[in-house]
Structure formats: C-alpha cells, structure tokens
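Good morning, colleagues. Please turn to the sequence and the structure on the screen; I shall speak briefly about helix packing.

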Amino acid sequence: MAKAFCPWTGNSLMWSWSPVWKVSVSRTPGYTSCAWSGLVCSLLSPSFSMILGRISERLPAWVNDPEAAVKELETLLGFTLRTVVPNTRPVRNTMEIPKDSLEKYLEDLLGTQTTGPLELLQFDHGQSNPTYYIRLADQQLVLRKKPPGTLLPSAHAVEREFRIMKALANAGVPVPRVLDLCEDSRIIGTPFYLMEYCPGLVYKDPTLPGLEPSQRQAIYTAMNRVLCKIHSVDFKAMGLEDYGKHGDYIARQVRTWIKQYRASETSTIPAMERLIEWLPLHLPRQQKITVVHGDFRLDNLLFHPENTEVLAVFDWELSTLGDPLADVAYSCMAYYLPPEFPILPGLGGLDLAQLGIPTAEEYSRMYCLHMGIPPIENWNFYMAFSFFRVAAIVQGVYKRSLTGQASSAAAEHTGKLTEFLSDLAWEFAVKEGFRVFNQTPATKPLARSYHTWAGPRSLLGTPGTRSYSSLPESSSGHSSKGALVISPEGLSPRVRELYRRLEQFMERHVYPAEPELRSHQASAERWIPSPLVEGLKEKAKAKGLWNLFLPLETDPEGKYGAGLTNVEYAHLCELMGMSPYAPEIFNCSAPDTGNMELLVRYGTEEQKARWLVPLLEGKARSCFAMTEPQVASSDATNIESSIREEDGFYVINGHKWWISGVLDPRCQLCVFMGKTDPHAPRHRQQSMLLVPMDTPGIKVIRPLTVYGLEDAPGGHGEVLFEQVRVPKESMVLGPGRGFEIAQGRLGPGRIHHCMRLIGHSERALALMKARVKSRVAFGKPLVEQGTILADIAQSRVEIEQARLLVLKAAHLMDVAGNKAAALEIAMIKMVAPSMASRVIDRAIQAFGAAGLSHDYPLAQFFAWARALRFADGPDEVHRAAVAKVELKRHI
C-alpha cells in the first residue's frame, strides 16, 4: 500500500495491488484504491518534489507491454502520469519561453528524434532564476535561466551555477549532472543551462511531517554532513581558485548586499538602515576560505526516496569562495522563523526534542565537531548577516514583482517581509553587541563620548570615542535603548502600561498591607513567612507583575523575565522601592535576583532545572555566602573559606556572616564562594558552589541585626560550614571562576539597590510633606517654617540629581555594557545611599520621635540606606575607583 496525492485535485490516493490482470477502483472520502497485478508504483505527495521517471520504466520486467499498461492506468485515473511532476505548474504568462527555438536547440544538442510535442512546465519552488521541467521524446531535463528584463548587476549568474556544479561533480559532492550552457540569448531570450532530471524528494517543510523522530534526526544529520563535504573540497585542485576573491568575504558580501538593496529599495526601512551601518563595523577578524553555497538550506537538497541520502544540492546561484560559517548560519535561519512564515517555513516555538530535530546549537556543534573547529564564538553576527542578506534578496524579489519579472507568483506578497527579516537581523546584532561588551577587558580606560540622547545614526563614531545608538522601535519596542528616559511618560507604550499596573497594585494592595506586615515583623511569628505576603505574590503573578528584574542583556528573548532594559526597570524598581515589602511581593528582591541572574548567565541546564525554576516561580528563596568575619571582605580576594576536592565531591569549610535571607525557612539554596586554589593568581583562587541548605554541616549560629532590626523572616545570619560535602556538579562555570562570576552577578544588580533607594527617598519626602502640612509648632504650621522649606527643597534637588545619575548608569549599561558603565556604577553606588540617608533623616526630623518608631517605614528606610554603604561595597572603594578613572582621564 502506497499513499499519494492527485496533483490537480489534491485528493489522497492509496494504491494497492492484487494478483489479477484487472484494474479495480474504489473511491472513499480522501482515498482512491487501484489494484494491479504485482505492480509497485511510487507516487508521492506534492510536498515532496519527487521527480518522476517514466512510469513504464518502473513496471516489472515481466509486464509484456508497459506502455499499454501505463496508458490503461492513465485512462482509468483521468490524467496523464507522464506529466505528473509535483511542484510544477503551467508556465506563467510573464515567464513563457519560445518552444520552437528551444525544441530545435535540444534536437541539435541531444540528437533526439521527436516522437511527440515538447512538454514544458515551470517549477513553483524558488523565487530567483526561473526553472523549468522539459520532456522531449524520452528525455527529461531541467532548464534554468536568467529572468527577463533589466537585472541587478552581477545577479542571476547562471553561468557560475553551471561551472560550479560541473566542477563539484568531480569532487564527490552530490550535484545534478549538467549538460550544456547556452549563453546565446537568441534561443529563449536569456542565457540558460540544462541538467538531467533526478528522481528524489525535496522537503519544503522543515518539520518533516509524516516522518519518525529518528528519520528527522537522520535527515538533518545528512544535511549537515553534505555541508561539511562542500566546505572540505580542495577548490584549487578542482580548478576553482579563481571562482571568487580570496579573503574579506563577509566584507565584500556586506557591500554587495547593501548595493543590491539600495538598487531595489522601494521605501525606508529603519532596521535595514541600522544594519547597513552596524555590519561593516563588526566584521569577523578571521575567516577561512572554502567553496560556499550561499543559499544552503533544507529545501535546496534532493533526498533519496527510500533513505536519507542526499542525491543532489540545488541552486548554486550565490556560490563563491568565502567564509564557510556564513553557510552554517544561513542553514539555521529556519530555527528562528515562525512555522507560518510564507517564503521559508520555520521551526520557531516548536518542541524540537519531541520532533527529533536537533536544535540550532546542536546543529552548529555537529558541524564544528565534524570539521574539527572550535565552537562559533560570534554566532550572532553570522545570523544577523544571514537575515540581512535574505532581507535584501526578498526586497529584490518584491521590486521585480512590481515590474512582472519575478519568477514566482507569490513574489508580489513579499513586500512586508523585508521589514520582518531586517528586524530579526537587528535583534541578532543587539545580542552580538552585548556579547562583545561583556567580553571587553576592563584594564584599559575607555575614551568616553556619551550623549543623553543618542540619534539613530550614532553607530559611526569618531576614532577613539564610543557612541551608541538605540534599538529601532519597530524591532524591539524599547524606547529607552537610545534615549535616556527620565520619566515614566517617556517609556514605550508596553512598559508604560506595565508601570501603570504596578503603580495601581502598590496603591491598592501593598501600601494598605504595610501596617499588618510591620506588626508581623515585630511578632513572635516573625520568622514564619507572612501569609499576607504569599497571597499578594499570587495576585502579582496574576497581574503579570512578576520577575521584572532580569535585564534584556541577560535574557534577550524574554524567556525568564519581562524583557526590560535597565533603564525601563529602573523606573519600575524605584516604584517598588516606595515600600520595604514590595520587592519580595513581585519576586524582585535581593539576594534572589542576583542568584537568579547568576544561574541564567552561568548555570548548566541541570542547575537551572533544579534551582532557577523554583526561584523564578517563587517557591524557594536563596542566599549568597561571601562575607567573612575574620577578614576585610570588601576585598573579595581576602576570602579564606576553603573548597577542596575529595572522592568526587567538594568539601567546604568556612565561617560566613551577614548572609541575607539564610534564616528564611523557604531558603533552599546557598551560593557559596570560597577558595579552591590559594596558590593560583589572585583573581583565580576563588570558586562558587551551589549548596543545598539541607546539606549536613551547615549551622546557622545566630541572626544579626541592623540598628536593632532583624529583617525577618529572611534576616541576616552568621553561618558555619563544617565538612559540607556537595557533588562536583555543584560547581558553577568551573574552578577558579568565582571572582569572575561575582562580578557578573553584580551586573544590573549593582544598581538595583540604588534604584530602590530613589524610591525610599521619594516615599520619605512624600511622608514628610504630608506631615508638615498637618502639624503646628510655635504658632504656625510646620510647612511655613523656613528650615522645613529649606529641607524639602534640598531633598528634592538631591533626589533629582541621584535619579539622573542612576538613569545614566542604567542607560550606559544598556547601550555600552556593564564594563563600559563601571565609572557611572561606582559613582551612583557612592551617591545614592548617602543621598537617601540625608533625605530620610530630614523626614525623620520633621516627624519627631514618631519617625523613629515602627509606625512608619522611615526607620526601616534609614537603616537600609545606611547598611548599603557597606553591603554594596564601602564608599571608600567606590571613591577610589572613581578617582583612579578621573586621574587617568586627565593625565
């Protein structure tokens, strides 16, 4: 039994054969059954480009008159089997070619005596060079030609296709057998070449429907191996040394596609303009030279109908000598496109593991292993370039459709696809930018030229300076990537709506709950998490106000958080800072935020599954153990706690204190920093481990207080680690990487406290204003006292100054990276806690003794602001860092 589809009606056909010389047909909904004696017929779905041989050639040798048998079957079915070529259609009116002159040319070339008319169909696959199916007598051929009309320079070079396929056939690369190249445009109007018609399957749908997972895996593996074979060809031995220029392939390609895009441009596309500026500035430093296909993807391969062997690689129009990694990235574009994408269906959002299809990472790794090369470091650049190139190609197709030159009927619908593809390309450019900035050494000071408002064309800076532009709104919707947004009103509509919902939640739920939560913290039940907080967490989740903290840099696809930039989160974080309880309610509180970011950045998939997921869901809490009582822990290299390897485990011994959150009964994870090699270089001695809190040997000695406040239920504990054993899989990133991780963990987390301190200060000033308006002293309201007015004015000025510095630091982290923003981060960590202490102190003074009490949040705010002059690094360290940079700048 074999399933097939009628090429005209689309009805499913089910063929079965009986041992009698009689054709019987039974029709059921969706199926047609035919029975013939001992005959096996292979008609396949149009989703596969099965290039059929003559049916008579497929009949068993004992059939006396194959031609008569096929004709009998044709009569029964009502259509001619000889011309059933899936994925073909009648030739489009604008793509017709003169049959008479073509037939005469073929007879002269092949010496064929015509026994019937020339049959001509057009393949509907592809949108560049028109391709035709030809049947003349007993010959089945494929003709590929240039499109008619005026063409872009150097485009549609069928001559090169002919040459490369002829050469690669001798190198063992599966290609169709080419027969002749005709450069005489008088024959059919344009140059063309001929090749043999090969039976096989072409998979247009990358999900490979109807196949088993193991078959899909085999198909993608075969595809990968063929690409490796192409890239392993000795092009000099094949006479292809002059097939392309040697070196600077990507640079030349970028220039070529910019030129092609400009020649076919029909309107201004912002993302394309940004890419045209960005790509030449971020070219790969080293490029290998091989034969490159230029359009290598699944639907340009012909597979054997009965196994996963690749029989032929098609469409060599864009081939040349160049960087093979461009082919690898190009072949992975489907991973990032949606399944419904019109010109190239994708795999985006699908469960690849269930389908049996390797991920883009696995496919890339497979290629690297087979070619014996290291992993592709700048993968995002190659993806950005690939999507940019396709966007330029699609724009060319669209431009030709406007003049009737495109070879595909669907071309006229591609107009809006250029913008979609260029937006994808820009997203990869942004990811590559973050990768580069994250790897920039911090040893050399940067010459700085930053602007409060960065224009859309600021990528081209002057030598020796750095200037960063915004993301286009069309691709990201982030208003703050290029502009320093100083108020919530300047945020993008999406984030502005998020801010409004957060503000509303604070007013309706958080502020009214504060008296009860303060009472709980003073009660005997204080070390038990408040049921009220847990209830508010569920409400926050339901409102979409959850895990807002993970920055776009760390989570560019928004897989774990809200996908906010640092500037966007700064405004929301300030709002959460208006209440001491709000950060936990929205799962945005330290130390969990830093630990979650650590896991996202550095954790293995197993570590993420065990620890990151419950933390993101709010089902667990965590702590971070670094500070030690015996040493000055402001210098992290002083850490003395030991981590030694023993029998496949790591054994921990150490004494830690001021471990925030460790007393919380929900605390399940301790991120522990200790020394694995005291003799290594100073910043390679430390390592980090993920330690379950129920591991034997962990002893919480006592809770510590901040100005008498216990900060229950998480608290701040003194903890002893004695012979604590954890599996080696608990190591984060690797031995000796602890200091590096600590710096990365403090990325955006470096300024979250500063953002919240702005909120503390705003709330303190608001409470102060309400208080002085309602109190009278010495015969007049406090609000009329000169000293009070001076304090209010001074507090407003200091808050505004600190906020602008916080936002500037966040802005630079977004556009330049955390390392480039190190100076601003140090400055705001030096400024914000001191500013908040002064503003809150003035509010307490205006309140009188009530300001010291538990009835208002001022005492908590003040204690926390003072503590942050240590917790986020002592002021002296930040001052020293700022001074060193300042001195280098002027000497």
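How do the axes of helix H23 and helix H24 cross, and within what distance do they come? This is a predicted model, and in it the axes of H23, residues 822-847, and H24, residues 858-871, come within 9 Å and cross at roughly 155°. Angles over 145 degrees count as roughly antiparallel, and H23 and H24 are therefore roughly antiparallel to each other. The crossing of H23 past H24 is left-handed.

On the H23 side, the contact is formed by Pro833, Ser834, Ala836, Ser837, Ile840, Asp841, Ala843, Ile844 and Phe847. H24 contributes Leu858, Phe861, Phe862, Ala865, Arg866, Leu868 and Arg869. Sorted by class, this contact comprises 11 nonpolar, two polar and three charged residues.

Helix H14, residues 493-521, and helix H15, residues 531-542, have axes that come within 11 Å and cross at roughly 170°. That angle makes H14 roughly antiparallel to H15. Here Phe505, His509, Ala513, Glu516 and Leu517 of H14 meet Leu532, Val533, Leu536, Lys539 and Ala540 of H15. The residues of this contact divide into seven nonpolar, one polar and two charged.

Finally, the chain as a whole. The protein chain contains 25 helices and 23 strands. Of its 891 residues, 55% are buried. Among contacts between residues at least 6 apart in sequence, 70% link residues at least 24 apart. The chain exposes about 38,600 Å², of which carbon and sulfur atoms supply 54%.

Technical notes: Residues are numbered from 1 along each chain as its sequence is written. This is a predicted model: local features need pLDDT of at least 70, side-chain atom pairs count only at pLDDT 80 or more; totals for chains, interfaces and linings use all residues. Side-chain values use heavy atoms; hydrogens and water are left out. Axes are lines fitted to C-alpha atoms, for helices over the stretch in contact, and angles run from 0 to 180 degrees between N-to-C directions. Helices (H or I, at least four residues) and strands (E, at least two) are DSSP runs, numbered from the N terminus. Angles under 35 degrees count as roughly parallel, over 145 as roughly antiparallel, 65 to 115 as roughly perpendicular and the rest as oblique. Contact means heavy atoms within 4.5 Å. Ala, Val, Leu, Ile, Met, Phe, Trp, Tyr, Cys and Pro count as nonpolar, Asp, Glu, Lys and Arg as charged, and the others, Gly among them, as polar. Buried means under 20% relative accessible area, exposed over 50%, partly exposed in between (1.4 Å probe, protein chains only). Accessible areas come from the Shrake-Rupley method with a 1.4 Å probe; for residues, only the protein chains shown count as cover. A crossing is left-handed if the near helix is turned anticlockwise from the far one by less than a right angle, and right-handed if clockwise.
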